[in-house]
Amino acid sequence: MLLDLLHWLVQPATLAARRLGHAGESVRLASRSRRCRGAWAPHLAAARDTVRAAMADLPRRDTAVVLGAGLLDDVPIDDLAAAFRRVVLVDAVHPWRGRWRARRHPNVARLTFDLSGMQDLMLGQGETVGPVLPPVCREADLVISANLLSQLPILPVARLEATGRLGPFTDPDTCGRRIVAAHLAALAGLPARICLVADRDETEEDRDGRVIERLDLLYGVDPGPAPRNWDWILAPFGEEARDRRLVHRVSAWPDWRPPA
């Protein structure tokens with residue numbers, strides 16, 4: 001707990017990111033990734049392989065954009081930096097671990113951006129949803145949405161549940177669905193190749209394999225059938241409860257296109 005507090009204090013984050021909880025979420029994610037390194041390893045390797053598949057046959061490799069770059073655990077940053085003239089890492093917070101991993105590449109840049117479009121609503125500075133992608137995405141040859149889609153609604157939905165209203169939204173499910181759908185719609189409108197890696201549902205299981213609870217992390221929005229799917233043991237037994245674990249079903253598209 002004290003170590004997490006220290007990390008939060010030295011986290012390179014804007015005041016808005018701290019107020020909205022992004023800095024705290026980043027610290028908690030980094031802590032869990034260290035504790036669950038072994039359980040997470042197959043998932044992270046599969047995510048990195050998906051990115052490599054996405055870039056393998058691209059005819060043009062000028063700019064790659066990574067949405068939800070964060071710690072860069074699930075992104076083969078060395079491969080991207082070697083293959084593209086420019087790589088832009090986009091997130092609400094760019095933690096030290098991610099910065100350290102990208103440090104040797106002069107062609108890698110960071111961009112701080114609210115990818116949910118909900119920042120102004122959450123700060124009480126507006127009544128409309130903002131843009132969900134930065135303009136650089138329009139210039140990219142490859143845009144990677146890295147384990148981001150299910151994360152986007154978490155803080156806005158939590159704020160709505162706590163306050164009862166968030167701009168035009170009063171129903172948490174409607175708000176979550178709007179955020180997920182808006183991200184996919186924005187990706188679908190880009191000229192770039194889209195590499196999408198997304199958690200689709202969360203299952204809580206006991207040691208006998210019985211399902212205690214299942215959550216749809218995408219609020220009913222369907223990105224379509226995926227060529228790659230795997231289970232990610234997000235919280236192994238003992239992480240959140242002695243006899244319970246959390247498993248996410250992950251889908252991945254090296255070349256995502258919206259379902260017809």
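A salt bridge is taken here as a side-chain nitrogen of Lys or Arg within 4 Å of a carboxyl oxygen of Asp or Glu. The model is predicted, so that local features need pLDDT of at least 70 and side-chain atom pairs count only at pLDDT 80 or more, while totals for chains, interfaces and linings use all residues. Residues are numbered from 1 along each chain as its sequence is written, and side-chain values use heavy atoms, with hydrogens and water left out.

**First selection: a salt-bridge network**

Select Arg-32, Arg-35, Glu-239 and Glu-240, which are linked in a network of salt bridges. Within this group, Arg-32 pairs with Glu-240, and the closest N and O atoms are 2.6 Å apart. The pair links distant parts of the chain, 208 residues apart, with Arg-32 in helix H3 (residues 22–35) and Glu-240 in the loop between strand E7 (228–235) and strand E8 (244–253); helices (H or I, at least four residues) and strands (E, at least two) are DSSP runs, numbered from the N terminus. Arg-32 counts as buried at 16% relative accessibility, whereas Glu-240 is exposed, with a relative accessible area of 51%. For these words, buried means under 20% relative accessible area, exposed over 50%, and partly exposed in between (1.4 Å probe, protein chains only).

**Second selection: two further pairs**

The structure holds 22 salt bridges, and two others can be shown next. Select Arg-85 and Asp-62, whose side chains meet in a salt bridge (2.6 Å, N to O). Arg-85 lies in the loop between helix H5 (77–83) and strand E2 (86–91), and Asp-62 in the loop between helix H4 (37–55) and strand E1 (63–67), so the pair ties together parts that are 23 residues apart in sequence. Arg-85 counts as exposed at 53% relative accessibility, but Asp-62, at 18%, counts as buried.

Then move to Asp-222 and Arg-200, where the side chains meet in a salt bridge at 2.5 Å, N to O. Asp-222 is in the loop between strand E6 (211–216) and E7, and Arg-200 is in strand E5 (residues 193–206), so this pair ties together parts 22 residues apart in sequence. With 19% relative accessibility, Arg-200 counts as buried.

Show helix H8 (residues 154–163) with helix H9 (residues 172–188), whose axes come within 9 Å and cross at roughly 160 degrees. Axes are lines fitted to C-alpha atoms, for helices over the stretch in contact, and angles run from 0 to 180 degrees between N-to-C directions. H8 and H9 are therefore roughly antiparallel to each other, a term for angles over 145 degrees. The contact (heavy atoms within 4.5 Å) is made by Pro-156, Val-157, Leu-160 and Glu-161 of H8 and by Pro-172, Cys-175, Gly-176 and Ile-179 of H9.

H8 is followed by Gly-164, whose phi is positive, near 90 degrees.

Finish at Ala-53, found in helix H4 and partly exposed, with a relative accessible area of 25%. Leaving aside residues up to four places away in sequence, Ala-53 touches Arg-193, Arg-228 and Pro-254. The C-alpha atoms of Ala-53 and Asp-255 are separated by 8.6 Å, although these residues are 202 residues apart along the chain.

Conventions: Parallel < 35°, antiparallel > 145°, perpendicular 65-115°, else oblique.
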